[in-house]
Structure formats: C-alpha cells, structure tokens
Amino acid sequence: MRRDLFALTLITSLLMAGAVIASNGVPVVVAVDSSRSLSPAELASAGDLRGPVLASLPGDAPAGVLEFNDAARWVSPLPGSPSQAIEAFRRIVPAGSSTTLLDALVTAARELPEGGAVVLVTDGRDEGSAATMVDLTALLASRPVRILTLGTGHTVDVRTLRRLAVLSGGEYLGPLAGTSGGSVQ
C-alpha cells in the first residue's frame, strides 16, 4: 500500500513539475547511485520503490536507467520502455570507489534535449566528477529537464539534493527511507 501510494505521488510530482513535454508520455531517466557508499540493503530498498514508479508510467513513455559510481553507465538507455527499465534494476549492485554524481546528471540531461525528468536516487555526495555544478547549470539552462531528488544512504547531503532540485525547477522529495504519501506531496 505504501509503495503504491509512493509511486502514484511521485508520478503526480513529475507531472506537476512540468516534465510532460510530449503527448506520448514523460521521458524519465532514473539515475541511481550504485557506489559503495550505499549498502546492498539501501540499494535494494531503493529498487523496491523504483519498480512501482516505472510500472506506473504509460507503456509508451520513454524511460531509461543510468547508474553511477566511478563512471556513469546506461543500464537501460533511452528510449527504453518502463518494463525494460524495471528489468535493468536487477543488474545494479554496489561497485566502484567514487561517486560521479554530476557526471551522471550531465549524461542524463544530454539524453533529454527536448526535456523530461531525472529521478535521482543518491546520498548526494560527489567524488571525482569531471563536470562541475556550473557545467550542469549551463546545460539545464538550455533544456527543460527537471531533477527530482530522493535521498538514500546513512549520510544524506540534503543541501546538495535540494540545490539540484532548485537549479532545475524540480523538487526534493525527501529521504527514500522515510518517504510516505504525505511527505512526498
């Protein structure tokens, strides 16, 4: 019940954030931190909620999954389907020794030239990105990409997650572990 409510509320937040840019659905990239700063249990917990979110998208909605640790990698590239994205999550395991958060966001935004939404699931720490916040801000100024952030991990950098949401006109949705229908809205 809680997961279904979360999925419905997250999709509503995507729509309210202005992420609908085409009649065939909301292009959505889920960017997930797969660095070792997240435990396998935290990554699995995030996966439990991402599946219902992607399953709630219309079947023709372009969806992609991007994981990042030492580098950003497409696990399911755009324009994949929600069902392909759900399957991709089964292949994500903690790895690497750094967290290239900003590189991942630049990679995701480049794949959304006409706009869309990036659902970012991370602890908010960036370690080793070549891209800077200035680079990301310049890219976001040229396209209507909204970043919706969810914090996960034992030490979440809320300020960074809120900043990423504000810079993109998106929304900070709170900590994943404590997210409920009331806190997401």
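The largest nonpolar core of this predicted model contains 24 residues, and V29, L105, V118, L120, L136 and L164 have the most contacts inside it. A nonpolar core here is a set of buried Ala, Val, Leu, Ile, Met, Phe, Trp, Tyr and Cys residues joined through side-chain atoms within 4.5 Å; buried means under 20% relative accessible area, exposed over 50%, and partly exposed in between (1.4 Å probe, protein chains only). Two or more residues come from each of strand 1 (28-33), strand 2 (63-68), helix 4, strand 4 (116-122), helix 5, strand 5 (145-151) and helix 6 (158-168). Helix 4 gives the most, with seven residues. Helices (H or I, at least four residues) and strands (E, at least two) are DSSP runs, numbered from the N terminus. Apart from this core lies another, of 18 residues, including A85, F89, I92 and V119.

Residues are numbered from 1 along each chain as its sequence is written. Local features need pLDDT of at least 70 and side-chain atom pairs count only at pLDDT 80 or more, while totals for chains, interfaces and linings use all residues; side-chain values use heavy atoms, leaving out hydrogens and water.

Two packed helices are described by the angle between their axes and the distance between the axes. The axes of helix 4 (residues 101-110) and helix 5 (residues 133-141) come within 10 Å and cross at roughly 15°. Axes are lines fitted to C-alpha atoms, for helices over the stretch in contact, with angles from 0 to 180 degrees between N-to-C directions. Helix 4 and helix 5 are therefore roughly parallel (angles under 35 degrees). Where they meet, L102, L105, V106, A109 and R110 of helix 4 are in contact with M133, L136, L139 and L140 of helix 5, contact meaning heavy atoms within 4.5 Å. These residues divide into eight nonpolar, no polar and one charged; Ala, Val, Leu, Ile, Met, Phe, Trp, Tyr, Cys and Pro count as nonpolar, Asp, Glu, Lys and Arg as charged, and the others, Gly among them, as polar.

Helix 5 also packs against helix 6, at an angle of about 30° with axes 10 Å apart, which makes this pair roughly parallel too. M133, L136, T137 and L140 of helix 5 meet R163, L164, L167 and S168 of helix 6.

Turning to strand 3 (residues 72-80), A72 lies within it and counts as partly exposed because its relative accessibility is 26%. A72 and A104 are 32 residues apart in sequence, yet 5.0 Å apart in space, C-alpha to C-alpha.

Definitions and conventions
Angles under 35 degrees count as roughly parallel, over 145 as roughly antiparallel, 65 to 115 as roughly perpendicular and the rest as oblique.
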